[in-house]
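Let's take a walk through a protein model, one piece at a time. Keep the picture open while you read.

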Amino acid sequence: MKKLLLFALAAMFVFAGCSQKPKEEAKPAEQAPAAEAAAPAATGDVIKIGVAGAHSGDLASYGLPSVKAAEFVVKDINDKGGLLGKKVELVVVDDVCKPEVAVSSANKLVSEHVVAVLGHICSGATKAAMGTYLAAKIPVMSPSATSPELTKSGEYPNFFRTIAPDDSQARLEIDYITNVLKLKKIAIIHDKGDYGKGLAEFAKGFAEADKKLDIVLYEGITPGAVDYSAIVQKIKQSGAEVVLYGGYHPEAAKIVTLLAKKKLNVKFVSDDGVKDDTFIKVAGHYAEGVYATGPKDVSKNPLAIEATKKHKDAYGEDPGAFYLNAYTAMLAITNAIEKAGSTDYDKLTNALRTEDVETPIGKIKFDEKGDAIGAEFSVYQVQNGAYVEVK
Amino acid sequence: MDYFLELFLGGLTRGSIYALIALGYTMVYGIVQLINFAHGEIYMIGAFTALIVASVLTIFGLNSAAILVIATAAAIVYSSAYGYTVEKIAYKPLRNAPRLSPLISAIGMSIFLQNYVLLAQTSDFLPFPRLIPEFAFMEPVSHIFSSAELVIVVTTMVVMVLLTVFIKFTNIGKAMRATAQDKTMALLIGIDVDRVISVTFIIGSSLAALGGVLIANHIGQINFYIGFIAGIKAFTAAVLGGIGSIPGAVLGALILGWTESFATGYVSSDYEDVFAFALLVLILIFRPAGLLGKSETKKV
């Protein structure tokens, strides 16, 4: 069904492109190879921006909000007459957060001649797809991929993100445990995934370097398992005072619940994969007192208020995870196209690095490596069924 | 010693969870030699049905024991209907096709049902209410073995015994065994094979639904994907114990549960699956038909 729809859409663009060809004035900046004849829409009257991420599968709740955010931003722009005189159009592809699917999603976006990509959502999928984008010279901006390698390794010069990388979260978590909670014995648990394990390894590295914390347990668990009582018993056996968990909310909810049921009095500190309202909904009163790091509170930012209101008006509920980051990314991309006056890769990436843009997470631009200057993390705690920023 | 006991009980619960799902797998395989990959999804649908019914009943203010019974009954009926329909749509037309065809059809059904629930319900994790009450007599040991865990373990054992008795002594049970041995011959002596297979799927699906309710209650959360992961483990357990054998499924599931629990406890949870599957490989090398499975003699 989806394929059919895409095909129909593609056919429509071909026709639209043909009928409007004679009116075409400005020659597009990039060279048009012969292959492009098959998709005249790419050089026609629209600027295509890709949106990639998990839109189905068990991590869909992380990916779908960015599609909505992108749609709102694009609608605004198109209502105001478009970008560089052209309408902006989204090409949405689903990578289910799986690296192998992400590569084919990326190929699809490249063949659709998108000028930039909002995505991907998961770090693993993003890494897998980056090579394809780099070869095609397409800048990619993720609202949520926090693996430090993406920026710090220098392997992905076309990568940008509107979220702070994982090691900044690990740093903050370790500092918080040492200085604010003043605990000593720490158990570091992760879900063996790119994101969770990455964070856990940074935390371990920082804790060892600081020599203030005593790591009594460091282990990976299997995500999606039916029961975590064995690892919870092991945490109990280790005598840990605090559990630092790297991973996502479904497993965190199970562990937190079991910790409470087994009557263990330990603090639980986690990351922005857990700072999701679904976690509180699922873990219920067991979630109380859990700490999680997440992007700083932007509830006072007028752009954030506006973006959230749009979502509430359209869907009748609060937006999901990474919605504002995606909104920010979309604003940053479109702003850079506007400022650069072109969709050319070099001009576009240069504009991203030099032009400040007002966004729902504050005024940002990007550093040489692609990290956003102005996006930081805070520590939150579940209090009376909601995440509250603590300091 | 306490630590050992805790791990032992944890493994027992985990094994019982696998067993509840594995029983359905092994039963269907025993009768039609089909690995019903959609079984995990039937389990997931059972959990969803129970959640929906329980949410509605909570509004009416029933007490939790009544809700548990009604929600479970609803889940069993609804899941059975699904199991019955899936068999009629996806497997029956392929009964005389090569064995690979129904297998692919089963995988297709599994993906279809997952996405159907994703679209019809939600992609989010949903909290599942704790319907099983905390028994007062369990209070002193509740930190090592909770009431919900006790219910799971007891249910699994009761279901295993009932199922064995059912297949050994009832008429339909005998018909099932006959069908399992030789479908054509069973047909010749007047057994309604279609009906027997339908009943098998209905019973298998009921067990899955029962498992769905109990396990969702234990884990406290469900989403459309839970069936897949639990299904893979249960399938492993069924193979370990000897697919087609009912006590085998329970034995295999318990061994798998203990292996995982002790591997986590004494080695590292990083290697939980490594130990579980290494054990599977070892057992299959020495007993290719599984622990309690009967090896088939191939007719040439």
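## Chain A at a glance

Let's start with how much of chain A is tucked away: 53% of its 391 residues count as buried. Keep in mind that you're looking at a predicted model. Chain A is built with 13 helices and 15 strands.

How far along the sequence do the contacts in chain A reach? If you take the contacts between residues at least 6 apart in sequence, 67% of them join residues at least 24 apart.

## Two helices crossing in chain A

Here's a general idea to hold on to: a pair of packed helices is described by the angle between their axes and the distance between those axes. Now try it on helix 12 (residues 323-340) and helix 13 (residues 345-354) of chain A, whose axes come within 8 Å and cross at roughly 115 degrees. Helix 12 and helix 13 of chain A are therefore roughly perpendicular to each other. The crossing of helix 12 of chain A past helix 13 of chain A is right-handed.

Which residues meet there? From helix 12 of chain A come A:Ala332, A:Ala336, A:Ile337, A:Lys339 and A:Ala340, and they meet A:Lys347, A:Leu348, A:Asn350, A:Ala351 and A:Leu352 of helix 13 of chain A. Sorted by class, this contact has 7 nonpolar, 1 polar and 2 charged residues.

## A second pair, in chain B

Hop over to chain B and find helix 3 (residues 64-91) and helix 4 (residues 100-120), which pack at an angle of about 130 degrees with their axes 10 Å apart. That angle makes helix 3 of chain B oblique to helix 4 of chain B. Helix 3 of chain B also passes helix 4 of chain B in a right-handed crossing.

On the helix 3 side of chain B you'll see B:Val86, B:Ala90 and B:Tyr91, and they meet B:Pro102, B:Ser105, B:Ala106 and B:Met109 in helix 4 of chain B. The residues of this contact split into 6 nonpolar, 1 polar and no charged.

## Helix 5 of chain B

Next up is helix 5 (residues 147-169) of chain B, with 23 residues. From its first C-alpha to its last, helix 5 of chain B reaches 33 Å, close to the 33 Å expected at 1.5 Å a residue.

Several of its residues are buried, including B:Ile152, B:Val153, B:Thr156, B:Val159, B:Met160 and B:Leu163. What do the buried residues of helix 5 of chain B pack against? They pack against helix 1 (2-32), helix 6 (171-181), helix 8 (193-219) and helix 10 (246-267) of chain B.

## Zooming in on B:Ile45

Is B:Ile45 buried or exposed? This residue, found in helix 2 (residues 39-60) of chain B, counts as buried because it has 28 C-beta neighbours inside 10 Å.

Leaving aside neighbours within four places in sequence, B:Ile45 is in contact with B:Tyr78, B:Ser79, B:Tyr82, B:Leu113 and B:Val117. Look for B:Asn223 too: B:Ile45 and B:Asn223 are 178 residues apart in sequence, and 9.7 Å apart in space from C-alpha to C-alpha.

## Where the chains touch

Finally, how many residues does each chain put into the contact? Chain B gives 31 residues and chain A gives 28 residues. On the side of chain B that touches chain A, the elements giving two or more residues are helix 1, helix 8, helix 9 (226-241), helix 10 and helix 11 (272-286) of chain B.

Helix 1 of chain B gives the most to that side, with 7 residues. By class, the residues on the side of chain B that touches chain A divide into 11 nonpolar, 13 polar and 7 charged.

Definitions and conventions: Residues are numbered from 1 along each chain as its sequence is written. Chains are lettered from A and ligands numbered from 1 in the order in which they are written. This is a predicted model: local features need pLDDT of at least 70, side-chain atom pairs count only at pLDDT 80 or more; totals for chains, interfaces and linings use all residues. Axes are lines fitted to C-alpha atoms, for helices over the stretch in contact, and angles run from 0 to 180 degrees between N-to-C directions. Helices (H or I, at least four residues) and strands (E, at least two) are DSSP runs, numbered from the N terminus. Angles under 35 degrees count as roughly parallel, over 145 as roughly antiparallel, 65 to 115 as roughly perpendicular and the rest as oblique. A crossing is left-handed if the near helix is turned anticlockwise from the far one by less than a right angle, and right-handed if clockwise. Two residues are in contact if their C-beta atoms, placed from the backbone, lie within 7 Å. Ala, Val, Leu, Ile, Met, Phe, Trp, Tyr, Cys and Pro count as nonpolar, Asp, Glu, Lys and Arg as charged, and the others, Gly among them, as polar. The expected span of a helix is 1.5 Å times one less than its number of residues. A residue is buried if 20 or more other C-beta atoms lie within 10 Å of its own, exposed if 12 or fewer, and partly exposed in between; C-beta atoms are placed from the backbone.
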